[in-house]
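Colleague: Could you walk me through this model, and keep the cut-offs in view as we go?

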Amino acid sequence: QETIAVAGAVLVVFSTAPQTVAAGSVSSTITISLQTAQGSPIIATNGGQIVGLSTSSTGGTFLSSGAPVTTVTIPPGSSTVSFTYQDTVSGSPILGAFATGYSSAIQQETITPLAPVSLAFTTSSTGILQGSPSVNLTVELFDTYGNVAVAPSGGTTLNFSSTSSGGTFLNGGSTAITSLSI
């Protein structure tokens with residue numbers, strides 16, 4: 001949460017702490033408020049105060065009463081407004097709140113990947129000579145949204161098989177294996 005205050009400035013600030021949310025889940029309520037540089041509330045006047053919302057994430061969406069929004073309005077007579085946030089891309093998106101005549105605010109959230117539901121070889125395919133080992137193969141786990149996921153506690157066992165009668169998987173050396181835990 002960062003706010004740079006100049007004497008006499010009026011600010012939009014995040015009143016709630018940064019959150020850690022699982023990908024695809026809706027955050028807890030996020031509240032923004034209008035304040036003076038000294039922290040005193042500023043009450044919105046007739047018509048309210050429109051506040052724009054932004055995110056650095058390509059998978060992020062702001063929600064008000066469950067509907068996607070890009071702005072929220074602080075109602076007349078109030079200094080705060082609340083909304084929620086949902087993101088399908090794991091990482092650390094920066095949320096922004098801005099209003100005409102006010103210094104903007106930013107806050108970094110944390111979006112965690114879900115449990116793995118699929119895997120993929122991430123090593124480029126290469127031709128190999130018969131009887132020669134291939135390059136090391138890399139396998140990554142992914143969640144429902146395509147985020148790289150972490151193996152559950154206790155690991156995940158991968159079982160290997162080949163359609164080639166002479167195909168053998170090696171442990172990085174010369175020992176043949178049929179499974180591997182990650």
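Colleague: To begin, where is the place of Gly48?

Modeller: Gly48 sits in the loop between E3 and E4, where strands are DSSP runs of E with at least two residues and helices are runs of H or I with at least four, numbered from the N terminus. Please keep in mind that this is a predicted model, in which local features need pLDDT of at least 70 and side-chain atom pairs count only at pLDDT 80 or more, while totals for chains, interfaces and linings use all residues. Residues are numbered from 1 along each chain as its sequence is written, and side-chain values use heavy atoms, with hydrogens and water left out.

Colleague: Is Gly48 buried or exposed?

Modeller: Gly48 counts as buried because its relative accessibility is 19%, the scale being buried under 20% relative accessible area, exposed over 50% and partly exposed in between, with a 1.4 Å probe and protein chains only.

Colleague: And what does Gly48 touch?

Modeller: Not counting residues up to four places away in sequence, Gly48 touches Thr73, Ile74, Pro75 and Pro76, contact meaning heavy atoms within 4.5 Å. By comparison, Gly48 and Ser118 are 47 Å apart in space, C-alpha to C-alpha, and 70 residues apart in sequence.

Colleague: What about the overall make-up, how many helices and strands?

Modeller: The protein has zero helices and 17 strands. Its radius of gyration is 25 Å, well over the 16 Å that the globule rule gives for 182 residues, so the protein is more spread out than a compact globule; the radius is taken over C-alpha atoms, and the rule is 2.2 Å times the number of residues to the power 0.38. The C-alpha trace spans about 80 × 30 × 30 Å along its principal axes, and buried residues make up 29% of the 182 residues.

Colleague: Which residues of the largest nonpolar core touch the most other members?

Modeller: Those are Val12, Phe14, Ile32, Val51 and Phe83, in a core of 23 residues, a nonpolar core being a set of buried Ala, Val, Leu, Ile, Met, Phe, Trp, Tyr and Cys residues joined through side-chain atoms within 4.5 Å. Strands E1 (10-14), E3 (30-36), E4 (49-55), E7 (71-74), E8 (80-87) and E9 (94-98) each supply at least two residues of this core.

Colleague: What is Phe83 in contact with?

Modeller: Leaving aside neighbours within four places in sequence, Phe83 is in contact with residues including Phe14, Ile32, Leu53 and Val72.

Colleague: And Thr84, buried or exposed?

Modeller: Thr84, which is in strand E8, counts as buried because its relative accessibility is 17%.
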